[in-house]
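Biologist: I would like to learn how to read the features of a model, one at a time. Please show me the structure before we start.

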Amino acid sequence: HVEVLRLLCESRAEQDKATQDGRTPLYLASQLGHLEAARLLCDNGADKDSAMEDGASPLYVAALQGFDEVVRILCDNGADKDLAAQNGATPLYIASQRGNREVVRALCESGAEKGKPMQYGAMPLHIASSTGHLEVVRILCNGPGVDRDAAMHNGGTALYLAAQNGHAELVRFLCENGADKHRATPHGTTPMHIAAQHGHCEAVLAL
């Protein structure tokens, strides 16, 4: 109801007032993909980074739900692109996990940090590789800001995770784009070891 919302904004209604769990009008508009409502609230100075109790911001929830146009509106209006929830997940991380490639593209084009780790050192490239989102990995690897051989705290790299989960095409892509296929975990396990251990023949062949 954009016209009603416009009237409320013009009457100076409190646009950043939150529910008990921290949801502001902008958060709700972002969560439900209401582009024009989000645009109107941003134009009227709504707090773009007001977060829920769990740390989820309007940008985070828009990224989670896959609303790339809302993500672009929020980024264009100064939302913190790297503001993480309490578990350390950024909007780019959660979009990469969900395979929301257009959201990932929008965040990367807006300058989101590709290498910001969450708990256990996992980064967007790690989670996208683990879950097999090849197109997301392509976007993340395009341009600067991503280390293809960055390891999580347990030593697992993006290539290791892709091999572990049998994502052969992704393994092939990472190898062709400079990932170190010989890099081992602290226990000496390489991507080849873990692919063979799990019986992922296509991943073994890709290596």
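Predicted model: local features only at pLDDT ≥ 70, side-chain atom pairs only at ≥ 80, totals over all residues.

Biologist: Which residue follows H7, and is its phi positive or negative?

Modeller: Helices (H or I, at least four residues) and strands (E, at least two) are DSSP runs, numbered from the N terminus. H7 is followed by Gly-111, and the phi of Gly-111 is positive, near 95°. Residues are numbered from 1 along each chain as its sequence is written, and side-chain values use heavy atoms, with hydrogens and water left out.

Biologist: How many helices and strands does the chain have?

Modeller: There are 13 helices and 0 strands. The C-alpha trace spans about 65 × 25 × 25 Å along its principal axes.

Biologist: Which residues of H7 are buried, and what covers them?

Modeller: Buried means under 20% relative accessible area, exposed over 50%, and partly exposed in between (1.4 Å probe, protein chains only). In H7 the buried residues are Val-103, Val-104, Ala-106, Leu-107 and Cys-108. Their cover includes helix H4 (58-65), helix H5 (68-76), H6 and H9. Over the 207 residues of the chain, 48% count as buried.

Biologist: Why is H8 described as largely enclosed by the rest of the structure?

Modeller: Because 6 of the 8 residues of H8 (residues 124-131) are buried. These are Pro-124, Leu-125, His-126, Ile-127, Ala-128 and Ser-129. They pack against H6, helix H9 (134-141), helix H10 (158-164) and helix H11 (168-176). Contact here means heavy atoms within 4.5 Å.

Biologist: Where does Asn-100 lie, and what does Asn-100 touch?

Modeller: Asn-100 is in the loop between helix H6 (91-98) and helix H7 (101-109). It counts as buried because its relative accessibility is 17%. Leaving out residues up to four places away in sequence, Asn-100 touches Ala-63, Leu-64, Gln-65, Gly-66, Ala-95 and Val-136. A polar atom of the Asn-100 side chain lies 3.0 Å from the backbone oxygen of Ala-63. The backbone oxygen of Leu-64 lies 3.4 Å from a polar atom of that side chain.

Biologist: How many cavities of 30 Å³ or more are there, and which residues line the largest cavity?

Modeller: Rolling a probe the size of a water molecule over the atoms shows where empty space is left. On a 1 Å grid over the protein atoms alone, a cavity is a set of points where a 1.4 Å probe fits but cannot get out, and lining residues have an atom within 4 Å of a point. Grid points are joined across faces, edges and corners, and a volume is the space filled by probe spheres set on the points. The count is 1 cavity of 30 Å³ or more. The largest cavity has a volume of about 30 Å³ and is lined by Met-123, Leu-125, His-126, Val-146, Asp-147, Arg-148, Ala-150 and Ala-158.

Terms used: Polar contact = N/O pair within 3.5 Å; in protein donor to acceptor, adjacent residues only side chain to side chain. 1 Å grid on protein atoms, 1.4 Å probe; cavity = no way out; pocket = protein on both sides within 12 Å on 5 of 7 lines; lining within 4 Å.
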